[in-house]
Every structure is written in C-alpha cells, then in structure tokens.
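Let's take a look at how the inside of a protein is put together. Have the model open on your screen and follow along.

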Amino acid sequence: MQAMEKENQTNVSEFLLLGFSNWPGHRALLFAVFLCLYLTGLFGNLLILLAIGSTPHLHTPMYFFLANLSLVDLCLPSATVPKMLLNIQTQTQSISYSGCLTQMYFCMMFANMDNFLLTVMAYDRYVAICHPLHYFTIMTQRLCACLVAVPWVVATLNPLLHTLMMASLHFCSDNIIHHFFCDVNSLLLLSCSDTSLNQLMVLAVVGLIFVVPSVCILVSYSRIVSAVMKIPSAQGKLKAFSTCGSHLTLVVLFYGAITGVYMSPSSNHSTERDSAASVIFMIVAPVLNPFIYSLRNNELKGALRKTLGQRKIFSQ
C-alpha cells in the first residue's frame with residue numbers, strides 16, 4: 001500500500017528560492033550589491049591567475065596553491081550568483097528540479113575544494129616556517145600535484161554521491177526553499193521520503209571533510225605560532241606572521257560562516273542567519289581572497305602591476 005502511494009506521488013518540477021523574499025522593496029539594491037561583488041570577485045581572481053601564470057618567479061608551491069584557490073573562487077560564486085541575479089531581475093524565484101540538483105552539486109564541490117585548499121595552504125605555511133631549509137625538498141612538484149589532485153577527485157565524487165541519493169528521493173507538493181540557493185539541508189526538509197540515510201551522510205561529510213581539515217589547520221598554526229615565538233627578533237616574528245596572516249584571515253571567515261550554517265544547533269537557525277552566513281562563505285570570501293593576498297604580498301603586488309601594465313600596452 002505504501003509502495004502504491006509513493007508511485008502515485010507527483011514529484012515537483014521546480015523549486016522556489018525565497019532566500020531574500022523578505023526584502024521585496026530592496027530588489028534594486030540587492031541586485032546592484034551582488035552584481036558588484038560577483039564582478040569584483042571574477043576580475044580579482046582572474047587577475048591573480050594571470051599574474052601567477054605569467055610571472056616565472058611565482059611558480060612556487062605557495063602560488064600554485066593560491067592559483068588553484070583563485071580558480072575555485074571564480075567558480076563557487078558562479079554556481080549561485082547568476083541565477084540569483086536573474087531571479088531578482090525577473091522577480092521570480094523558480095529553479096527547475098534538474099537545475100536545483102545541478103546547483104547543489106557544484107556548490108558542494110567548490111565549497112569542499114575551497115576547504116581542502118585552505119588546509120593544504122596551512123600545511124605549506126607550516127613547512128615554510130617550521131622547516132625553511134628543507135622546504136623545497138619536502139614540497140616537491142610531485143607532492144604539490146598530489147595535494148591538489150587528490151582533493152579535486154574527492155571534491156568531485158563526494159557531491160556526486162549526495163546528488164544521486166537526492167535524486168532518488170520523492171518531493172511532493174511543498175517546493176519552497178527558504179534560501180537563495182539549493183542547499184542540501186533545505187532540500188532534505190522538503191522530501192516526503194525517508195531521509196535518514198541522507199542526513200547520516202551529511203553528518204559524515206561534515207565530520208570528515210570539514211572537521212578533520214579544520215583540526216589539521218589548527219595543528220599547523222599551533223606549530224607555526226610555537227616556532228615563530230622562538231624567533232629572537234621582533235622583526236623576524238612580524239615577517240613570519242605576515243606571511244600567513246592573510247591565509248588565516250580567510251580560514252576564520254570561511255570556517256566561521258560554515259559553522260554558523262552547518263554545525264550550530266538547529267534552534268539557532270533562521271532563514272536570515274543562514275542566508276547571511278552562506279553569503280559570507282560563498283560570495284564574500286571569494287571576493288576578498290584576491291584583495292587579502294595582494295595587499296599583504298609585495299611579490300604578488302609587483303606581478304599584478306606588471307600584468308595590468310601589459311594589458312594596457314596591448315589595449316593601446
């Protein structure tokens with residue numbers, strides 16, 4: 001009997017994204033703000049990629065990881081912002097069923113990859129500061145390639161599993177998502193199927209893909225701080241801290257927002273709070289990445305000036 005009822009259920013063909021529906025009188029402002037953030041992030045991260053790619057002396061492990069981070073930060077906002085801008089402009093909130101699952105997949109993939117790269121970059125700074133004489137013997141091209149390739153494989157396969165599991169669920173009449181993108185937790189709340197296995201997988205992913213890397217980052221920076229405090233000169237300490245301060249800023253921003261959305265008690269959740277936290281780690285953090293790194297890095301600033309100068313020459 002239950003099987004027949006499930007067969008008779010009509011799956012929804014689209015979902016409604018109501019993340020910013022509480023601000024109907026601020027559509028123009030929201031559109032302008034998110035468009036500026038999106039274009040700024042695209043330009044800044046693309047510029048970092050061009051600068052690193054065209055400057056031979058930046059072809060080192062640190063900048064290799066930074067280039068990958070900039071690539072991910074190009075893609076992560078692109079998974080959500082264009083659709084959000086279209087919905088704001090056309091005053092609609094709809095997204096197709098297949099489009100929703102596709103968006104969920106890419107959001108998870110690039111968020112996972114962002115998380116992995118922050119961990120890899122923490123390990124890179126640990127080796128550079130705690131083992132400077134052996135840095136290039138440890139951070140070989142082969143190791144650097146593995147530290148990026150393996151996370152890309154995991155970040156690609158993990159959300160594929162969640163997407164396939166989500167596609168097997170039934171969705172009945174309720175199709176309203178109180179978010180600005182297709183978040184896995186929001187979709188599970190709408191399903192009229194048994195989602196216990198899906199929820200268990202989400203918890204497992206939070207434990208393995210976010211908690212474990214965050215612990216690795218904490219261990220890396222605890223050892224960095226311990227090593228830096230042993231440096232006798234204040235100038236040496238300041239220089240050592242400045243090399244990893246920009247990275248630590250992004251870590252705090254990214255994990256702080258992730259914790260607010262996925263690791264806080266359900267009683268603390270609200271549509272406005274979850275949307276604001278998601279905006280931080282999916283849109284604001286990728287925009288800040290090029291500014292944080294370029295403003296605190298003289299080598300990168302020089303490469304950026306050179307790259308912009310070359311573009312001006314070619315444009316003339």
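This is a predicted model: local features need pLDDT of at least 70, side-chain atom pairs count only at pLDDT 80 or more; totals for chains, interfaces and linings use all residues.

Start with the cores. The largest nonpolar core has 65 residues, and Phe34, Ile52, Leu66, Met84, Ile283 and Leu300 have the most contacts inside it. Which helix gives the most to this core? That's helix H5 (residues 97-130), with 14 residues. Another core, of 20 residues, lies apart from the largest one, and Phe15, Leu17, Met108 and Ile177 are among its members.

Zoom in on Ile283 for a moment. Leaving out residues up to four places away in sequence, Ile283 touches Phe34, Leu37, Val81, Met84, Phe180 and Ser278.

Now for the helices. Helix H9 (residues 196-229) packs against H5, and H9 also crosses helix H7 (residues 141-167).

| Pair | Angle | Axes |
|---|---|---|
| H5 and H9 | about 20 degrees | 9 Å apart |
| H7 and H9 | roughly 170 degrees | within 11 Å |

What sits between the helices? On the H5 side of the H5 and H9 contact you'll find residues including Phe116, Tyr123 and Ile129, and H9 brings Phe210, Pro213 and Ile224, among others. This contact divides into 17 nonpolar, four polar and two charged residues. Where H7 meets H9, Leu161 and Met165 are among the H7 residues, with Met201 and Val205 among those from H9. Here the classes are eight nonpolar, three polar and no charged residues.

Conventions:
Residues are numbered from 1 along each chain as its sequence is written. Side-chain values use heavy atoms; hydrogens and water are left out. A nonpolar core is a set of buried Ala, Val, Leu, Ile, Met, Phe, Trp, Tyr and Cys residues joined through side-chain atoms within 4.5 Å. Buried means under 20% relative accessible area, exposed over 50%, partly exposed in between (1.4 Å probe, protein chains only). Helices (H or I, at least four residues) and strands (E, at least two) are DSSP runs, numbered from the N terminus. Contact means heavy atoms within 4.5 Å. Axes are lines fitted to C-alpha atoms, for helices over the stretch in contact, and angles run from 0 to 180 degrees between N-to-C directions. Ala, Val, Leu, Ile, Met, Phe, Trp, Tyr, Cys and Pro count as nonpolar, Asp, Glu, Lys and Arg as charged, and the others, Gly among them, as polar.
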